[in-house]
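Here is a short report on one model.

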Amino acid sequence: MSVRDLAGRKALVTGGAKGLGAGMAAALADAGAAVVIGDVLEEEGRATADSLGKTGVDTGFVTLDVTDDGNWERAVAATVEQLGGLDLLVNNAGIEISSLVVDIDPADVRRMCDVNILGVALGLKHGLRAMRPGGGAGAGGSIVNVSSVAATIPFPGIAGYSATKSAVDRLTRVAAQEAGKLGYGVRVNCVYPGLVATEMGLGLAADMERLGLWPSADAAVADVIGLTPLGRLGEVADIADTVVFLASDAARFVTGIGLPVDGGMGM
């Protein structure tokens with residue numbers, strides 16, 4: 001059996017209804033894992049789960065507002081009950097609201113902090129509680145948080161988003177330290193995706209034009225590609241395959257890292 005075979009593993013993917021999250025859920029399922037989709041987008045989330053189910057994957061959907069502690073408790077319990085355990089958690093849910101620093105809206109920053117920072121913190125809380133010895137699942141496992149290349153480079157127009165994704169990196173490393181020292185048997189890592197042509201990624205490019213930072217969205221994308229040594233945008237599969245690696249036994253001695261998946265943009 002390959003060390004990247006996830007047969008028998010049980011996963012919960014937040015923000016899994018579409019975009020990167022849906023791609024990560026599909027990649028985990030392709031590697032053999034049972035996968036529950038957690039999202040506030042119920043219609044899209046159920047459709048994604050149904051699509052996975054048609055391929056024979058043990059799957060399901062839970063409504064999950066990652067900013068709500070009680071929501072997290074119920075979603076993790078429901079996942080454990082449905083799948084018979086939980087040993088993989090992907091904290092992918094996130095939002096991006098572009099703004100020049102001189103125009104920052106406090107409400108927008110608070111919203112990004114709630115989803116991108118608090119959402120990951122609560123995911124770590126309830127994921128670790130379930131996976132540690134004596135927890136609802138209790139068999140250890142792996143948590144992968146989704147940060148961003150924005151945490152590693154000073155890209156204009158996304159100061160608030162960059163700050164929240166930098167916080168994801170710090171949360172990851174502290175959680176990895178605690179999980180190791182307390183004998184939870186859980187590895188905690190994060191990935192830094194580069195720009196991917198999802199709805200969020202394309203929206204960000206359009207925002208660069210709206211903010212007057214680039215003459216057009218296409219020009220912004222072209223400059224991002226120009227800053228990327230591998231000479232292209234990221235693809236969903238690039239990020240999803242890395243998540244599978246970090247979730248698998250191929251990464252069994254890897255914890256507390258932030259792994260760039262950005263074509264070299266943030267080096």
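## Helix H5

Helices (H or I, at least four residues) and strands (E, at least two) are DSSP runs, numbered from the N terminus. Just after H5, Gly 183 has a positive phi of about 70°.

The model is predicted: local features need pLDDT of at least 70, side-chain atom pairs count only at pLDDT 80 or more, and totals for chains, interfaces and linings use all residues. Residues are numbered from 1 along each chain as its sequence is written, and side-chain values use heavy atoms, without hydrogens and water.

## What covers H5

Buried residues of H5 (under 20% relative accessible area; exposed is over 50%, partly exposed in between; 1.4 Å probe, protein chains only) include Tyr 161, Lys 165, Val 168 and Asp 169. Their cover includes H4, strands S5 (141-146), S6 (186-193) and S7 (258-261), and helix H6 (199-210).

## H3 against H4

H3 (residues 69-83) and H4 (residues 106-131) pack at about 40°, with axes 10 Å apart. Axes are lines fitted to C-alpha atoms, for helices over the stretch in contact; angles run from 0 to 180 degrees between N-to-C directions.

## Cysteines

The whole structure has 0 disulfides (cysteine sulfur pairs within 2.5 Å). Cys 113 is in none; the nearest cysteine sulfur, that of Cys 190, is 17 Å away. Cys 113 is partly exposed at 28% relative accessibility. Cys 190 is buried at 0%.

Methods. Contact means heavy atoms within 4.5 Å.
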